[in-house]
Amino acid sequence: MARWCAANGWPVHPLAAGRKTPAGNCPACREDPHRPADCPCLPAGKWCHGFHAATTDPELLAAWWGVNPSFGVGVSCGPAGLVVLDIDAHSAEVPHRDRLLPGIPIHENVNLTGLASGFDTLALLAALRGAPSPADDEATLRVRTPSGGLHVWYRTAPGAPGYRSSVGSSPKVALAWQVDVRAVGGYIVTPATRTSAGTYTPVGAARMPALLPDWLAAELSRTGHAPQPAPVRVPVPRPVRPARAASRALRLLEPLLAEVRACAAAAEGMAFTEKLNRAAYTAGGLVAAGHLAEPRAQDLLTDAAHAARPHRHRHSLTVIASALSAGAARPLHPEGRP
Ligand SMILES: [Zn+2]
Ligand SMILES: [Zn+2]
């Protein structure tokens, strides 16, 4: 199954044997919380961090499932270009009618007797739009889950932006009560995966996802699933005490520190190491020329690095130490005098 998915261009990751949750992280990743983007395990070919590890690399597939044939298979929906409706049939208390289909008021005259699951809310939504329920869509891959739910798989057009994931109970972004959306930032259990509760089993004849129907794409956009640019975290400027601002050494160093701190706007890239290196090299020159105390330089650099890359603490300390000592070989005077 993993190989079949990868052949379709869908990145896969292992699920714990007999379960629908990802295989666990390594001890280092369990004990030291960090962003997947900063994790050394992923470039090293380990399966830490769930769907973040998903790959189509045949060698990794062979290594992962070859050694652990009882692992299930998850597909990372976003990079696979998949949108999967996860319809639940859990017994749960039916919420107020305003929360069944977010954004769509259901008139008091509509009789909701018998409404009990995501199958019902999705059918209601489809009926309002004059479309058949996706649960009955014979044209696409549908998978019965061990708990009596149904996964309805769709694909987006090649190159089209993905949709956001959501859970049907969310007050913010949801398609329908008891209908989860698995898309960007989510994964889906593949057919034939076996858990202690049963096997994920395709129903009907279709074995491939069909193109997402237009009406459903419109509903996903209406309900806030359309892709949104990642929020940019604007670094909060650190207050500068007048005594510090007066120092010419610090005036020289501050813009370089600001560039380091501004790397917080994105989780990776942005030439963080290069910028930290430049700031520390300059600080080393100022220390060597007697314009800045070494512990103070250490603090400023460590604070700026921590503001931008809190999870790369050790890396930052290494960069700072080596650039400080390299800079010390070239004493630096703020006015540029020798
Ligand atoms: Zn790890
Ligand atoms: Zn990790």
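This is a predicted model: local features need pLDDT of at least 70, side-chain atom pairs count only at pLDDT 80 or more; totals for chains, interfaces and linings use all residues.
**Zinc ion (ligand 1)**
- Four cysteine SG atoms, from Cys-26, Cys-29, Cys-41 and Cys-48, coordinate the zinc ion (ligand 1) at 2.1 to 2.3 Å.
- The site of this ion is tetrahedral, with angles of 104 to 116° among its four donor atoms.
- Its donor residues follow the sequence spacing C-x2-C-x11-C-x6-C.
- Cys-29 lies in helix 2 (residues 27–31) and Cys-48 in the loop between helix 2 and helix 3 (58–67), so that the pair, 19 residues apart, links distant parts of the chain.
- Cys-29 and Cys-48 are both buried.

**Zinc ion (ligand 2)**
- The zinc ion (ligand 2) is coordinated at 2.1 to 2.2 Å by Cys-29 (SG), His-34 (NE2), Cys-39 (SG) and His-49 (NE2).
- Angles of 99 to 118° among the four donor atoms make this site tetrahedral.
- The spacing of its donor residues in sequence is C-x4-H-x4-C-x9-H.
- His-34 is buried, as is Cys-29.

- Cys-29 coordinates both zinc ions, ligand 1 and ligand 2, which are 3.9 Å apart.

**Helix 10**
- Helix 10 (residues 294–308) has 15 residues and should span 21 Å at 1.5 Å a residue; this agrees with its end C-alpha atoms, which are 21 Å apart.
- Its buried residues are Ala-297, Leu-300, Leu-301, Thr-302, Ala-304, Ala-305 and Ala-308.

Note on methods: Residues are numbered from 1 along each chain as its sequence is written. Chains are lettered from A and ligands numbered from 1 in the order in which they are written. Side-chain values use heavy atoms; hydrogens and water are left out. Helices (H or I, at least four residues) and strands (E, at least two) are DSSP runs, numbered from the N terminus. The expected span of a helix is 1.5 Å times one less than its number of residues. Buried means under 20% relative accessible area, exposed over 50%, partly exposed in between (1.4 Å probe, protein chains only). Donors are N, O and S atoms within 2.8 Å of the metal (3.2 Å for Na, K and Ca); water is not among the atoms, so sites may look incomplete. Four donors count as tetrahedral if all angles lie between 85 and 135 degrees; four count as square planar and six as octahedral if opposite donors are over 155 degrees apart and all others between 65 and 115; anything else is irregular.
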